[in-house]
Amino acid sequence: MKKKRVWAASPVFYILSVLLFVMAGISWFQGNTALFCVELVAAVLAVAAVILSTEHFKAYVAAALKSAKSVLGAEEFGNLRDFTMPVAVIGEADDIVWVNDAFLATVSPGRELRGESVLKLIYPKTLQQLLEAGGTDIALEDRQFTVFASRTESGAILYFVDDTYYKEINREFEETRPVVALAYFDNREELARDSSGMEDARIASEVESCVNEWAISMGGFCKRLSGGRYLILTDEGHLRTAMENRFEVLDAVRRVKGEENRSATISMGVARGAASLQEAERWSRAALDMALGRGGDQVAVKQKGGAYSFFGGLSKGVEKRDKVRTRVIAATLADHARASDCIFLMGHKFSDLDAVGAAVGLWSAMTKAVGMPAYVVINRGQTLAGPVVESIESQGPDSPHVFISPAEASAMVTPKSLLIVVDTHSQDFVESPELLDACQRVVVIDHHRMMVRHIENALVFYHEPYASSASEMVAELVQYLGENCLNRREAGALLSGITLDTKNFVLKTGVRTFEAAAYLRRRGADTVEVKRMFSDSIDAYKKKYEIVSNAEISDNCAIASAREEFSDVRVISAQAADELLSIQGVKASFVIFPSGGQVNISARSLGEVNVQLIMEALGGGGHLTMAATQLTGVGIEEGRRLLKGAIRNVMERALPVKDS
C-alpha cells in the first residue's frame, strides 16, 4: 500500500523540512518575525511527523519480521536472504515489507516492490485465497510461478516457485494430445435423391474437399471411411482454436449447394481428453450419434466426465423417407412385448396430446395385435390431455381399463414388466422417475432432439428427430404391428398428437406426416372431433389474449408473461406462444409463467430460430421449433432477464437457418 512506502517518501520530507528551516532563517534576517515563527513551527512539525512515521513503519516491519521468525525460527529466517527460492514477507495490510535476494533477481528484476500491495503480483487472486490453497499459479511477464503461502501473526510469508520450464512442457503436452473426430455427410441421401449421378458426385467431392482442407488446417489429416464417414485426427491445440471459431467447417460445407439451392451439411463427433486412442474412437462415435440425434448439421464434443459441448445445429432437419428401420423396430418391439408379463406406456411430465395420443396408439397395438396386457400411466392431476383421456374412457361400459396412476403401476411392476416411454427420452422429464427406476426392461420412442442426460441401456431406443411427433412415429409402427387394431377414437388420439406438434400441419411436416395422417383417417379419425379437443372456454380465451397483449418484441422475438398462476396456465401459455408466431416479423416467441413454485418458459419458433439452443442455455430442452425450461429460485422479471441474455448469446453466434 502506498502509505507504507515511508522509505521512499522520507527523504523528500526531510528535504522539505530543511527548506522550511532555510525559509525561516531568511524570514528572520529580513526581520519578519511573524512569518519566521510560522515557518519554524511548520519545519519542526514536519520533522516530527517524518520521525514518528519512520518509527511507526520500523515497528510495523519489525512486527511482520518477528511473526515470520516465530513461524520459521530465527536461524531459518536468517538463511532466507540467501535462499535460492524467492521469498516475500507480507504485512497485515497485505503489503510487501521484506523480500530476499532471489525475489529481487527473479520476481521483480529492476523494480522495487517493497511497500507495494501484494495484489499487484497475485491479481485476480487474493492473499486469503493463496493461504487457503495448496499452491496458486501466477504469471509475471514471461515467467510462471506457483506461490505457496504461510500465515503469520502479522501477515504472511510467500514462497515463489519458478516452474516456467515445467509448465511450458505441460502446455506443449496438453496442446499436442491427439484428438479423434468422426464426420458424417448427413444429408447426402436427400441431396442425391433430387440430383443426377454427376451432380451427386460433384457434391460429394466438394464436401470431402471441405473436410480435407479443414483437417489439414487443423494440423491433422482426414481418412475417408465407408458410408459417407470421415476419420479426422488432430490435436488439442488446434481443437481449441476450432471451438473458438465455432467450427467454421460447418459453414464451408453449407456453401456447397445441390439442386434447388439446398445446402450440404455434415455432423461431427469429437473426443476430447480421452485416456487412449481406443477410448477416443468410442467417444467420437458416441458424440457423432449425439450430433445426429440432435438433428445433424452440428458438432458434438465429448469431454472427460461425459460433458458435451455443441456447435452449429442451425439447419432444419430433413425427413428420412426410408421405412425399413420402422419395420425392424416394430418387429423387435413385438418380440420384447411377447416376452413380458405386463406393459406400461408412459410419457413426460404434464403429458400433452402427443404423449398421451402416442401411448394410446401403442396401447391398442399391444393389447389387440400383440395380445398382451398394457396400461397407460398418467398423472390425472397434471395431464394436459384431458380431452383424449375422456374420449378413450367414454367408449362404453365394456371398454377395457386403459389409464392408471404411477403409484398403481409401481405396485404392479415385476422383473418381466416392459416400460415403453414415449415423447421423451430424458430420465428427468418422464411422468414417473420411480417407475422408470423400477422397470428393468425399457423401450424409448421419441422425436425430440437428443439431450445429454437421456435414458441409457434401453432395449430399443427408437429416436427419430426428423419426425413431426411421437404420434406420427407410433402411427407408422402400428401399421406393422397390427394395421387394423386402431378404432375411431384411438386413431383420433394419434391425429390430435400430430396436429398439436405440427401446429395444424404447418411445422415439421413431411411426406411421412401426411401418410400417417391419411392412415389415421382411414381408421376413422374425425378431424372435427380433433378440432374440438383444442377448443377453449371463454375464460381461457381471455387469459390467452391477455398474455398476448402484453408481449414485447425485440430482435424478431416476442416475449410475454403471465403474472400469476391460474388454472390451465400451462396449456394457455403454450397456446399464447403459438399465437404470437402469427404476428408479422416474429420469428420466435417465449411466454414466461409461474407454476408449481417455479418460473416456466414455453418457447416456439417458425424454424428460423433454434429455440432448443436457447432453452438448453437455461437448463431445458426440446426441439428446433418447440422447447421449454423451468427456472427455480427466480421471479418473473429475473426469468425475463435470463431469457433475454440467453436469446442474445445464441443469436450473436447463430446464422440464419437454411433448408437442407
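How many helices and strands are there in the protein, and where does Q575 lie?

A: This is a predicted model, and in it the protein has 25 helices and 23 strands. Its radius of gyration is 36 Å, well over the 26 Å that the globule rule gives for 660 residues, so the protein is more spread out than a compact globule. Along the principal axes, the C-alpha atoms fill a box of roughly 125 × 60 × 50 Å. Of the 660 residues, 50% count as buried, while the protein exposes about 30500 Å², with carbon and sulfur atoms supplying 54% of that area. If we take the contacts between residues at least 6 apart in sequence, 64% of them join residues at least 24 apart.

Q575 lies in helix α23, which covers residues 569–580. Its relative accessibility is 17%, and because buried means under 20% relative accessible area, Q575 counts as buried. Once its neighbours within four places in sequence are left aside, Q575 is in contact with F534, D536 and K544. Taken together, then, Q575 is a buried residue of helix α23 that is in contact with F534, D536 and K544.

Key
Residues numbered from 1 in each chain as written. Predicted model: local features only at pLDDT ≥ 70, side-chain atom pairs only at ≥ 80, totals over all residues. Heavy atoms only, no water. Helix = DSSP H or I, 4+ residues; strand = E, 2+ residues; numbered from the N terminus. Rg over C-alpha atoms; globule rule 2.2 N^0.38 Å. Buried < 20%, exposed > 50% of the residue type's maximum accessible area, 1.4 Å probe, protein only. Contact = heavy atoms within 4.5 Å. Areas by Shrake-Rupley, 256 points an atom, 1.4 Å probe, with all protein chains shown as cover.
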